[in-house]
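I opened this entry to look up helices, salt bridges and surface features. My notes follow in the order I checked them.

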Amino acid sequence: MSRFIDFVKNHAFFLLGMACIFIVGVIYIINRRIEPEIVRDGDIVFCDTSLDVYEPDPEYIVIHIAGEVQNPGVFELQQGARVNDALILAGGETGYADLARVNLAAVLQDAAKIIIPAVGEYLPENVGGIRADGLININTATSVELQTLSGIGPVLAENIITFRETHGGFSAVDELIHVPRIGEATLERLRPLVTTE
């Protein structure tokens with residue numbers, strides 16, 4: 001026993017140092033387990049634990065759907081929602097609805113009004129250049145509305161507006177080929193999405 005006490009006395013500083021290193025090591029390991037490593041990928045933060053995952057709130061739009069639907073009214077949907085999503089929220093169509101004249105795949109814009117027509121009913125245009133059937137009228141659409149079309153950015157939207165103002169509007173969709181920077185491929189992509197009426 002006395003030899004042990006003598007050993008501790010002679011090596012006190014060494015043993016104290018080893019104890020401190022051990023304690024610091026334990027604290028470091030505990031902290032590494034408590035604080036997850038964070039890696040950013042765009043707007044979403046992923047952690048190395050499944051408990052602390054952060055995802056930003058999606059943006060929402062507000063639309064009005066009316067006509068031949070079960071529950072017409074104003075609804076909130078996620079950005080990028082389509083006419084069909086709004087129709088589902090409104091309880092679906094009535095037995096009189098003429099869905100053949102509605103583009104259910106059209107992407108909704110904030111403050112849009114969608115009218116589901118009855119069979120044989122006149123289909124009015126919405127305010128601006130987006131019609132009730134989802135087609136975009138290239139003779140009346142704003143720059144923002146034109147930019148909802150695939151492949152149309154601010155420059156092409158302004159080119160379309162400048163062309164229609166200079167030439168008195170479009171009489172046919174195929175006239176888009178005369179707009180600067182619109183080629184055959186772009187025209188083919190736009191043809192089923194736009195109208196001149």
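I began at the end of a helix. G168 comes after α5 and has a positive phi, near 75°. I keep in mind that this is a predicted model.

Next I checked the length of α5 itself. The helix has 14 residues, and at 1.5 Å a residue these should span 20 Å. I found its end C-alpha atoms 20 Å apart, which agrees.

Which residues of α5 are buried? I listed L156, A157, N159, I160, I161, F163 and R164. An α-helix has 3.6 residues a turn, so residues three or four places apart point the same way. I then asked what the buried residues of α5 pack against. The partner is α4, residues 143–146.

R181 is not a glycine, yet its phi is positive, about 75°. Most residues other than glycine have a negative phi. I also looked up the cover on R181. Its relative accessibility is 65%, so R181 counts as exposed, the cut-off being over 50%.

Salt bridges came next. How many are there by the rule I used? The count comes to 3.

Is D98 buried or exposed? D98 counts as buried, because its relative accessibility is 17% and the cut-off is under 20%. R101 is partly exposed at 27% relative accessibility.

I then looked at D174 and R191. The closest N and O atoms of this salt bridge are 2.6 Å apart. D174 sits in the loop between α5 (154–167) and α6 (184–190), while R191 sits in the loop between α6 and β7 (194–195), so the pair ties together parts 17 residues apart in sequence. I noted accessibility for both partners. D174 has a relative accessible area of 41% and is partly exposed. R191 is partly exposed too, at 31% relative accessibility.

R191 turned up again with E188. I read 2.3 Å, N to O, for the salt bridge between the side chains of E188 and R191. E188 has a relative accessible area of 46%, which makes it partly exposed. What links D174, E188 and R191? I recorded a network of salt bridges joining these residues.

After that I followed the chain to T196, which lies in the segment after β7. Its relative accessible area is 18%, so T196 is buried. What does T196 touch, if I leave out residues up to four places away in sequence? I found contacts to N137, I138 and N139, among others. The list for T196 also includes F170, S171, A172 and V173.

I27 is placed in helix α2, residues 12–34. Its relative accessibility of 46% makes I27 partly exposed.

Technical notes. Residues are numbered from 1 along each chain as its sequence is written. This is a predicted model: local features need pLDDT of at least 70, side-chain atom pairs count only at pLDDT 80 or more; totals for chains, interfaces and linings use all residues. Side-chain values use heavy atoms; hydrogens and water are left out. Helices (H or I, at least four residues) and strands (E, at least two) are DSSP runs, numbered from the N terminus. Buried means under 20% relative accessible area, exposed over 50%, partly exposed in between (1.4 Å probe, protein chains only). A salt bridge is a side-chain nitrogen of Lys or Arg within 4 Å of a carboxyl oxygen of Asp or Glu. Contact means heavy atoms within 4.5 Å. The expected span of a helix is 1.5 Å times one less than its number of residues.
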